Amino acid sequence: MSEITAKMPWANNTGGVPLHLEYFQGSMYDKVEAIAKQYPDNIAFTFMGKNTTYKAMLEQINRCAKALRTIGVREGERVTIAMPNCPQAIYMFYAVNEIGAIANMIHPLSAEKEIEFYLNASESITAITLDQFYHKFEAVRKNTKLVNMVIASIKDALSPTIRAGYMLTEGRKIKKIPEDAPVIRWDDFMRLSKACFYNYKVERKSEDAAVILYSGGTTGTTKGIMLSNGNFNALSEQIIATNPMFRPGDKMLAAMPLFHGFGLGVCVHSMLASGGRCILIPRFTPKSYSKQITKYRCNFIAGVPTLYEALLRVPAMEKADLSCLKGVFSGGDSLSVELKKKFDKFLYDHHATIQVREGYGTTETVTACCLTPTHMMKEGSIGVPFPDTYIKIVEPDTDKEVPYGSEGEILLAGPTVMMGYMNNPEETAHTLRKHADGLTWVYTGDLGVMDSEGFIYFKGRAKRMIISSGYNIYPAALENIIDAHEKVQMSCIIGVPDPYKMQKVKAFVMLKPGVEPTEKVKEELMAYCRKHIAKYSLPYDIEFRPELPKTLVGKVAYRILEEEEMAKIKAEEEAKAQASTTAE
């Protein structure tokens with residue numbers, strides 16, 4: 001590390017968190033195996049009321065690994081995992097790692113064409129999914145190299161009493177899989193482990209590829225992100241280092257999905273690599289989430305801002321005792337100052353002694369790489385970098401640093417930086433660049449500011465910036481202002497094409513429960529905007545929505561609103577053209 005000359009203005013503001021750590025050298029499986037042997041009787045995870053110890057989990061992972069070798073999966077091959085947060089997904093994820101293969105993590109609710117893309121991009125010949133998603137895989141199978149399809153079922157992971165209830169409700173809705181379908185059922189698959197008599201474990205190093213996650217990256221097109229064992233293990237050690245209050249046995253509510261770096265890296269691997277306990281939630285709803293927090297007296301919860309906004313509205317939380325919480329983390333999207341204030345008050349009112357700690361990261365660095373320290377918070381800040389992680393702010397797309405307090409592009413470097421984009425050397429070269437300071441930096445495409453004490457302030461994605469009459473407008477800043485209005489639950493700002501201004505600003509607003517979307521309220525909000533927002537940034541229109549669309553990981557899907565608006569403009573133009581033709 002002697003050649004590294006990066007500046008660290010945050011060095012004195014970490015609250016005692018060390019600037020450097022010694023990292024585990026080995027695979028993710030190796031790290032979890034070592035913990036399982038240290039804490040064999042600790043509960044590794046809880047799923048729908050059923051507990052599994054570290055010892056039992058390790059046994060199942062090893063059985064799964066043997067079964068994978070039996071069906072022919074070899075070192076370096078990609079295995080697609082399209083599963084919600086459930087036991088079979090955990091076993092498969094670590095088993096794939098144990099035999100030296102690579103886990104290709106995808107969303108089980110992906111559309112058929114997306115599944116086909118993911119299978120072909122990764123060249124997967126083996127996949128695991130749930131029975132309810134089988135038909136989507138089967139529909140595209142002929143267009144892929146898929147040979148082995150393992151089918152699991154939620155009911156197989158349930159206790160007998162809960163299973164009976166599941167089969168009477170959710171289980172009845174699942175479309176039957178033909179008896180002669182070319183699949184291997186989970187139980188049959190696991191029994192194949194008995195046929196594996198040779199050494200199935202493959203020694204893998206920290207720097208070896210382990211996981212593929214998908215992201216729009218900085219250009220908005222879907223790319224596979226290659227991540228190593230070391231990326232995930234480093235993250236797990238950074239998470240524990242920045243949370244010195246963590247103790248083995250502490251419970252993390254794992255509702256963020258496994259196909260997302262936040263869910264896989266923070267909520268699952270960081271816990272299982274440290275002796276923690278995951279409360280697995282297969283399908284997120286605010287009601288189920290709130291129920292699990294109180295039922296299991298969770299110590300840590302992590303989620304995107306929309307999750308916290310939803311919790312504020314759950315009646316079951318009104319009398320909840322949250323004194324059990326040691327850490328509440330927000331990431332994945334910008335947490336508005338107003339929502340943070342609302343949720344901090346909510347925590348205080350429910351006996352919690354902590355506040356929301358906002359973090360920041362990208363899938364190109366697994367997930368989080370900076371977090372608000374426990375001892376010092378600054379309004380609007382996403383905190384300071386993790387140990388061994390470096391952040392600098394530069395003039396966009398250059399290596400020229402801007403002064404403290406000036407806005408620029410956020411660059412990241414450290415042990416969690418990806419290996420590169422799968423089969424995409426051009427995009428990799430554009431995103432990963434080595435500088436004179438000896439570090440390889442991720443160009444995030446995000447805009448931010450660093451103050452003289454090393455605290456970072458997220459200002460929005462460069463590509464989400466609206467340019468109107470030559471002015472740069474940042475949607476997150478306007479959303480922050482509108483969200484502060486007493487009648488607003490949350491908002492989303494988009495840019496709409498305009499022949500004169502290039503783009504004009506439109507606001508979509510979700511009102512608080514009980515507030516009617518009337519013209520009077522609209523005018524009140526417009527007057528409020530005129531008071532608080534610069535004239536060039538003012539929304540030309542406010543549209544009320546009962547709900548705002550969300551992405552698969554729970555962020556507000558501003559792109560959907562943009563597409564809807566474009567479709568509306570196109571329809572209006574066609575109608576005008578039609579009317580003009582008719583008049584002639």
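**Contacts, cores and salt bridges in a predicted model**

Met-83 touches Gln-88, Ala-89, Ile-106, Pro-108, Ile-128, Thr-129, Leu-130 and Ala-152, leaving out residues up to four places away in sequence. Contact here means heavy atoms within 4.5 Å. The model is predicted, so local features need pLDDT of at least 70 and side-chain atom pairs count only at pLDDT 80 or more, while totals for chains, interfaces and linings use all residues. Residues are numbered from 1 along each chain as its sequence is written, and side-chain values use heavy atoms, without hydrogens or water.

Met-83 sits in the loop between strand E3 (78-82) and helix H3 (87-98). Helices (H or I, at least four residues) and strands (E, at least two) are DSSP runs, numbered from the N terminus. Met-83 is buried, at 3% relative accessibility. Buried means under 20% relative accessible area, exposed means over 50%, and partly exposed lies in between (1.4 Å probe, protein chains only). Along the chain, Met-83 and Thr-365 are 282 residues apart, and their C-alpha atoms are separated by 22 Å.

Nonpolar cores were examined next. In soluble globular proteins, nonpolar side chains tend to be buried together. A nonpolar core is a set of buried Ala, Val, Leu, Ile, Met, Phe, Trp, Tyr and Cys residues joined through side-chain atoms within 4.5 Å. The largest such core has 134 residues. Met-57, Met-105, Trp-186, Phe-189 and Leu-272 have the most contacts inside this core. Met-57 is in contact with Val-32, Ala-44, Phe-45, Thr-52, Ile-90, Tyr-91 and Leu-272, leaving aside neighbours within four places in sequence. Another core, of 22 residues, lies apart from the largest one. Ile-102, Leu-146, Ile-177 and Val-183 are among its residues.

Strand pairing was followed around E18. Strand E18 (residues 407-413) has 6 of its 7 residues buried, so it is largely enclosed by the rest of the structure. Two strands pair if DSSP finds at least two bridges between them. Strand E17 (residues 390-394) pairs with E18 in the antiparallel sense, over 5 bridges. E18 and E21 also pair in the antiparallel sense, over 5 bridges. Leu-411 features in both pairings. In E18, Leu-411 is the bridge partner of Lys-392. Leu-411 also stands opposite Tyr-443 in E21.

Charged pairs complete the picture. Side chains of opposite charge can pair when their charged atoms come close. The structure holds 34 salt bridges. A salt bridge is a side-chain nitrogen of Lys or Arg within 4 Å of a carboxyl oxygen of Asp or Glu. Glu-309 and Arg-313 form one, at 2.9 Å from N to O. Glu-309 is buried, with a relative accessible area of 1%. Arg-313 is partly exposed, at 30%.

Lys-340 and Asp-344 form another salt bridge, at 2.7 Å from N to O. Both residues lie in helix H12 (residues 337-349), 4 residues apart, about one turn of the helix. Lys-340 is buried, with a relative accessible area of 18%. Asp-344 is buried too, at 12%.

The side chains of Lys-378 and Asp-451 also meet in a salt bridge, at 2.7 Å from N to O. Lys-378 lies in the loop between strand E15 (368-371) and strand E16 (384-385), and Asp-451 in the loop between strand E21 (440-450) and strand E22 (456-461), so the pair ties together parts that are 73 residues apart in sequence. Asp-451 is buried, at 15% relative accessibility. Elsewhere, salt bridges that share partners join Lys-506, Lys-522, Asp-541, Glu-543, Arg-545, Glu-564, Glu-565 and Lys-568 into one network.
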